[in-house]
Amino acid sequence: MILDWRSELTREGSRITLSGLHIAMHCHHYNINLQKMLEDHLGEKGIELMVQAAENACFTGFQSLLGQLDRLRTVKSKLELFSTLYQNCGLGIIHFEKVSPKGGRIISLSSHHVTGWLAKHGRREAPGCHFVRGWIAGVLEVIYERPLGYYRVEEQSCKMVGDPQCHFKISEGAHAYRRD
């Protein structure tokens with residue numbers, strides 16, 4: 001691995017920096033309560049806000065990171081890096097099964113958000129991996145050098161509703177919040 005975590009991840013007082021960008025780290029209690037509050041009070045607008053925030057943060061951070069790793073040239077090596085980062089950041093396990101510039105399919109076997117949601121609220125009636133949807137979109141937009149909001153990520157099955165895995169379908173086409 002090319003990434004030197006000791007120099008890339010630093011802390012000065014309460015400020016944490018990853019690859020030159022300030023980041024915030026939250027536990028599952030904070031993340032799940034934020035998600036529930038946004039869903040309960042804003043509905044679809046709250047969901048899109050979570051997707052968009054994750055997508056924007058991933059896009060900005062990963063664009064900066066890849067700019068510093070010029071030895072990573074293949075899509076495969078970039079996908080492996082982001083899969084490893086996802087796991088190392090405690091977000092879960094994610095597999096980029098079939099991915100191309102036109103879209104693809106991604107599976108998550110475990111997730112910080114699924115574990116947190118099930119522990120706090122139990123099963124849901126609808127998929128709820130909104131953060132992961134935004135994270136996937138931001139990563140693929142950086143890898144394939146597409147503009148922010150280029151990919152639509154739909155969660156087709158979700159462990160929060162009792163499915164054995166979370167499946168995400170990626171397609172070209174702007175998110176609903178970017179259509180106007």
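Trainee: Which helix supplies the largest share of the lining of the largest pocket?

Mentor: This is a predicted model, in which local features need pLDDT of at least 70 and side-chain atom pairs count only at pLDDT 80 or more, whereas totals for chains, interfaces and linings use all residues. Residues are numbered from 1 along each chain as its sequence is written, and side-chain values use heavy atoms, with hydrogens and water left out. A pocket is an open set of points on a 1 Å grid over the protein atoms alone, where a 1.4 Å probe fits, with protein on both sides within 12 Å along at least five of seven lines; lining residues have an atom within 4 Å of a point. Strand 3, helix 2, helix 4, helix 5 and helix 6 are among the elements that each supply at least two lining residues, but the largest share, 11 residues, comes from helix 3.

Trainee: How many charged residues does the lining of the largest pocket have?

Mentor: The lining comprises 37 residues, with Ile23, Ala24, Ala57, Leu91 and Phe131 nearest the centre of the pocket. Asp, Glu, Lys and Arg count as charged; Ala, Val, Leu, Ile, Met, Phe, Trp, Tyr, Cys and Pro as nonpolar; and the others, Gly among them, as polar. By these classes there are 25 nonpolar and 12 polar residues, and the number of charged residues is none.

Trainee: Which cysteine does Trp135 contact, leaving aside its neighbours within four places in sequence?

Mentor: Contact here means heavy atoms within 4.5 Å. The partners of Trp135 include Ala54, Glu55, Phe62, Phe82, Tyr86, Leu91, Ile94 and Phe96.

Trainee: How far from the sulfur of Cys58 is the nearest cysteine sulfur?

Mentor: A disulfide requires a pair of cysteine sulfur atoms within 2.5 Å, and the search of the whole structure finds zero. Cys58 is in no disulfide, and the nearest cysteine sulfur, in Cys89, lies at 9.4 Å.

Trainee: Is Arg133 buried or exposed?

Mentor: Arg133 lies in helix 6, and beyond four places in sequence it touches Ile47, Glu48, Val51, Val153, Glu155 and Phe168. Because its relative accessibility is 13%, Arg133 counts as buried.

Trainee: Into which accessibility class does His95 fall?

Mentor: His95 lies in strand 4, and its contacts beyond four places in sequence are Arg105, Ile106, Ile107 and Leu109. Exposed means over 50%, and partly exposed lies between that and buried. His95 has a relative accessible area of 38%, so its class is partly exposed.

Definitions and conventions: Helix = DSSP H or I, 4+ residues; strand = E, 2+ residues; numbered from the N terminus. Buried < 20%, exposed > 50% of the residue type's maximum accessible area, 1.4 Å probe, protein only.
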